[in-house]
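Open the model in your viewer and keep the selection tool handy.

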Amino acid sequence: MKILNLAGLNLAGLKCLFSILILTATQPILGAQLVNNIPVELSHGWTVCLHFESSSRDCVQQKLPELTQKLPPSITHQSYVKEFIISSELKSQPLGIWIKNIDDADKVLINEQQIGNMGQFPPNFESAYRRQRVYFIPNEILKYNQFNRIEIITHSSRQRPGIQTAAPMIGNFVAFNENIQEQDYVFVVISAILIMLMVFPIFYFIVLKGNYETLYFMFFLLSLASLSIARSNLPVHLDLDLSSLFKLEIFMLNAAIISLSLYLFHFFELEIRRIYAIGLYVMGVSGLVMIIWPDATQMRQLAEINYWLLIIINFFVAGSALFIAAHKQRRYAWLMMTTSAFGWLTLCYDSLMYSAGSFELNLVQRPAIVPIVSALVSITFTLILTHKYWHYFKGSTYDHLTGTLLRPAFFQRLSEEMQRCNRGDGMLLVAVIDIQQAKRISINYGYSIGNHLLSTVSNSLTKVLRPYDLICRFSDEQFCVASSITKEEFAEGNLQRIYDELINIQQPINKDIELYVDARIGGVIYNPELHMSVSHIIQDANYALAKASSSSQQYHLLRQSSLLASTA
């Protein structure tokens, strides 16, 4: 038993104690809590009532926060009532109440006077899900050294308990606001970082015309920056419509995932097959549905469905791109796969926070986790992109081994040739040449023999093509050429001459062994209506090469009729 030391109490404390004794003698105290130091958590002694459509209610004495659970669908709202006694020593303090999370809308009353609300109750429902509440308590409505009654009324569109993450707190209103602002600084700083990172892909897109991977990466960064701002309390201070903001947040998340998937396919120069394109379209349609859906009470349920849809499709589409890139031993594939897996797991955790009620999980709401991880993923991808283009730029324009153009310079020159063709000045043939045994020769007979073979191939291409035609060292065993032609009929003849020149190459290994070049060629004629960028025409040339390899042809030319039929 504790001994009360009356000598240690000041005059205000004695008055508070005396008032409590008088109140205790005149009326029973059910869960009344003495508040003489702040901040203090109001966790015990709550009367929690479920209000039903029939005007009846079911009340219990309960501790806050509540456990996450599914409530009956006939509930219209919940109320949380508690009595507390506040010491007159706190009369000079600017008092406030801090509720870290309410599901979805609320209004707070003290002594029957409303001190604040966020969101709207039906029929004009507006969700303030995952928003922190800080409400100022005016001195004139408080009764110092007497009983005070606090009532919190909540409504959840998902039939969840209103207060299920943390109990309300009474404390210094200014200190609470400063705490909220410090948390908002995290969102603002992350948005600033993401916007600054956009400088890199914008610069690369301007320098390397037709390089759409940087454009997709820029949209990825912009979407994440918008999402970070939407999750902060800045829109609340601007008095924006919270339901519309919630819709925008989900839409920007979809846009970020779609942009990231397109970026990965273009970064590793992979073909976007129809099944992957369908997945991207589904994510886009899901985001648009969230924007235009008229019933605000169903947004949370739609958001949960959208989240799990994103997780499944992103795992399939982006995961396939990364797996194929790793299988083809593309540079940066494993680093980007590890980074993307980290981001995907974070997305899963965020979706579990959204769906906590469905799975009856008691997860603390952490809206900052996705922006923080997004910033880390974006910084990693930006460093990879910068290293990739620095690696290209530092090698100047030409490959040191073969003397042919490097890919950035080739793409730049090819883009200029495409623009020239758009003005009606001639036609353009683009072909990808695969020296099928080049890598095998390097492994079996040494890299010096393999390098000599590549140099010989480069010399033969230079010989058969005209001085103003373009030749590029495309990969370890591939070259890409762009040749101007006057008529479509000349395209096949050009491919035949290139093939004849290559198969005549003799590569001596020693006095007893001499190798010959085995080549496959895929070509396509530039069509301004179908080839909107360099990557599009290269993709068609690679498709023609695949057709030549699969059918054991010497070369394969994609004609205009075939291109139009495939797009149709």
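Select Arg520 to begin: at 15% relative accessibility it counts as buried, because buried means under 20% relative accessible area. Keep in mind throughout that this is a predicted model. Arg520 sits in strand 17, residues 519-525. Show side chains, and you will find that of Arg520 in polar contact with the side chain of Asp518, at 3.1 Å.

**Into the nonpolar core**

Which residues have the most contacts inside the largest nonpolar core? Select Tyr263, Leu264, Phe267, Phe268, Met336 and Phe381, and you have them; the core itself has 61 residues. Colour the elements that give two or more residues to this core: helix 2 (173-197), helix 4 (212-231), helix 6, helix 7 (274-292), helix 8 (299-327), helix 9 (333-354) and helix 11 (369-394). The largest share, 13 residues, comes from helix 8.

Centre the view on Met336. Leaving out residues up to four places away in sequence, Met336 touches Tyr263, Leu264, Phe267, Phe268, Leu322, Phe381 and Ile384. For another stop of this kind, select Phe84, Ile99, Ile137 and Ile150, which are among the 30 residues of a second, separate core.

**Rings**

The model has 14 aromatic pairs in its count. One of them joins Phe265 and Tyr276, whose rings are tilted, with 5.3 Å centre to centre and 40° between the planes. This pair links distant parts of the chain, with Phe265 in helix 6 and Tyr276 in helix 7, 11 residues apart. Both Phe265 and Tyr276 are buried.

**The annotated spans**

UniProt, in an unreviewed entry, places the feature "transmembrane region" at residues 185-207, 214-230, 250-268, 275-293, 305-325, 332-356 and 368-386. Residues 214-230 are 100% helix and 0% strand, and their end C-alpha atoms lie 24 Å apart. For residues 250-268, the end C-alpha atoms are 28 Å apart, and the span is 95% helix and 0% strand.

Next, pick Leu240, in the loop between helix 5 (234-237) and helix 6 (242-267). Is this residue, Leu240, buried, exposed or partly exposed? Leu240 is partly exposed, with a relative accessible area of 41%. Apart from neighbours within four places in sequence, Leu240 is in contact with Glu126 and Pro235.

**Strands and a hairpin**

Switch to a cartoon view and look for an open sheet of 4 strands, in the order 2-11-6-9, with antiparallel pairing. Strand 2 (40-41) and strand 9 (133-136) stand at the edges; each has a single partner strand, so one side of each is left without a neighbour in the sheet. Strand 2 is joined by 2 bridges to the antiparallel strand 11, residues 169-172. Here Val40 stands opposite Ile170.

Then select strand 3 (residues 46-52) and strand 4 (residues 57-62), an antiparallel pair joined by 6 bridges. Within this pair, Cys49 stands opposite Cys59. The hairpin has 4 residues between the strands, and Ser55 takes a positive phi near 75° there.

**Backbone stops**

Most residues other than glycine have a negative phi, and most peptide bonds are trans. The last selections depart from that pattern.

- Leu64 and Pro65 are joined by a cis peptide bond, with omega about 5°. Pro65 lies in the loop between strand 4 and strand 5 (75-86).
- The bond from Asp103 to Asp104 is also cis, with omega near 0°. Look for Asp104 in the loop between strand 6 (95-99) and strand 7 (105-110).
- Asn111, in the loop between strand 7 and strand 8 (113-118), has a positive phi of about 55°. Asn111 counts as buried, at 15% relative accessibility.
- Glu112 is found in the loop between strand 7 and strand 8, with a positive phi of about 70°. Glu112 is exposed, with a relative accessible area of 54%.

How values were computed: Residues numbered from 1 in each chain as written. Predicted model: local features only at pLDDT ≥ 70, side-chain atom pairs only at ≥ 80, totals over all residues. Heavy atoms only, no water. Buried < 20%, exposed > 50% of the residue type's maximum accessible area, 1.4 Å probe, protein only. Contact = heavy atoms within 4.5 Å. Core = buried A, V, L, I, M, F, W, Y, C linked by side-chain atoms within 4.5 Å. Pairing = 2+ DSSP bridges. UniProt positions renumbered as here; feature names shortened; annotations may be inferred. Polar contact = N/O pair within 3.5 Å; in protein donor to acceptor, adjacent residues only side chain to side chain. Phe/Tyr/Trp six-rings, centres within 6.5 Å; stacked < 30°, edge-to-face > 60°.
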